[in-house]
Amino acid sequence: MKKFLLILIPLVFVGCSSTELVNLDTAKAIVQDYYENGQYDKEVTEIINSTIKKLEKHNFPENSLAIFDVDETILSNYAHTKEIGFGFEWQLWGEWIQRADCEVIPQTRRLYDWLLERNVGIVFLTGRKDYEYDATIRNLNQVGIITFDTLITRTDKTRKMLAEEFKDYERKILTEQGYNIILSIGDQWSDLEGSNTGLRVKLPNYLYLID
């Protein structure tokens with residue numbers, strides 16, 4: 001089952017081994033500052049630069065493939081999440097997916113372009129549902145993400161799987177089809193756990209956690 005643990009994390013780090021509880025509004029302000037003062041962009045840039053540096057050392061095998069998550073990996077839901085006070089509501093989440101107006105995360109877009117230039121296939125593997133497939137394609141296309149092998153969403157068969165189980169299951173199918181997965185990138189550890197991941201790239205997400 002997919003669970004959203006809202007970012008309402010009332011913790012401030014005051015030392016290497018201690019934390020201090022803070023007011024919920026303060027916690028939200030800390031999260032907002034992190035995303036809007038350049039710290040988030042700096043952290044993602046460093047991760048992507050490090051990833052490209054590691055990949056530059058390797059020769060890619062035939063049928064190389066990179067697996068990208070969608071939300072908070074290639075597309076950002078930050079603006080929508082901020083609109084509702086950094087909470088979560090299923091109906092609103094579904095509505096803004098259908099709006100297909102999430103912004104691209106430029107650093108991840110840079111990695112996407114770098115991989116395409118080297119003839120690495122791209123698959124988007126997302127916990128979004130099959131009835132959100134068309135809206136997701138539309139959103140990707142309108143931010144310039146046009147070239148990729150496929151988009152994989154949850155179906156009736158995979159709808160009740162845990163996130164880690166679902167993504168591991170789909171990666172196994174891709175390898176059985178002859179793909180060599182060289183990289184998996186996502187904002188949740190559940191995007192990266194299991195087998196057939198290649199290089200694991202974890203992006204920061206202080207908006208929610210998915211089990």
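1. Strand S4 (residues 64-68) is largely enclosed by the rest of the structure, because five of its five residues are buried. Buried means under 20% relative accessible area, exposed over 50%, and partly exposed in between (1.4 Å probe, protein chains only). Strands (E, at least two residues) and helices (H or I, at least four) are DSSP runs, numbered from the N terminus.

2. This is a predicted model, in which local features need pLDDT of at least 70 and side-chain atom pairs count only at pLDDT 80 or more, while totals for chains, interfaces and linings use all residues. Residues are numbered from 1 along each chain as its sequence is written, and side-chain values use heavy atoms, with hydrogens and water left out.

3. Which residues of S4 point one way, and which the other? Ser64, Ala66 and Phe68 take one side; Leu65 and Ile67 take the other. All are buried. In a regular strand, side chains alternate between the two faces of the sheet.

4. S4 has parallel partners. With strand S9 (residues 180-186) it pairs over five bridges, and Ser64 stands opposite Asn180 there. With strand S7 (residues 121-129) S4 pairs over four bridges, also in the parallel sense. Here Ile67 stands opposite Val123. Two strands pair if DSSP finds at least two bridges between them.

5. Now the aromatic rings. Rings of Phe, Tyr and Trp (its six-membered ring) pair if their centres lie within 6.5 Å; planes under 30 degrees apart count as stacked, over 60 as edge-to-face and the rest as tilted. The count comes to 14 aromatic pairs. Tyr35 and Tyr78 form a stacked one, 4.8 Å centre to centre with 20° between the planes. This pair links distant parts of the chain: Tyr35 is in helix H1 (residues 24-36) and Tyr78 in helix H3 (residues 78-83), 43 residues apart.

6. Tyr35 counts as buried because its relative accessibility is 11%. Tyr78 is buried too, at 12%.

7. Lys202 lies over the face of Trp189, 5.6 Å from the ring centre. The rule asks for NZ of Lys or CZ of Arg within 6 Å of the ring centre and within 35 degrees of the ring normal.

8. Lys54 lies in helix H2 (residues 39-55). Lys54 is partly exposed, at 43% relative accessible area.

9. How confident is the predictor? The chain averages a pLDDT (confidence in each residue, from 0 to 100) of 91, and 91% of the residues score at least 70. Over residues 1-17 pLDDT stays under 50.

How values were computed:
pLDDT is the predictor's confidence in each residue, from 0 to 100. Contact means heavy atoms within 4.5 Å.
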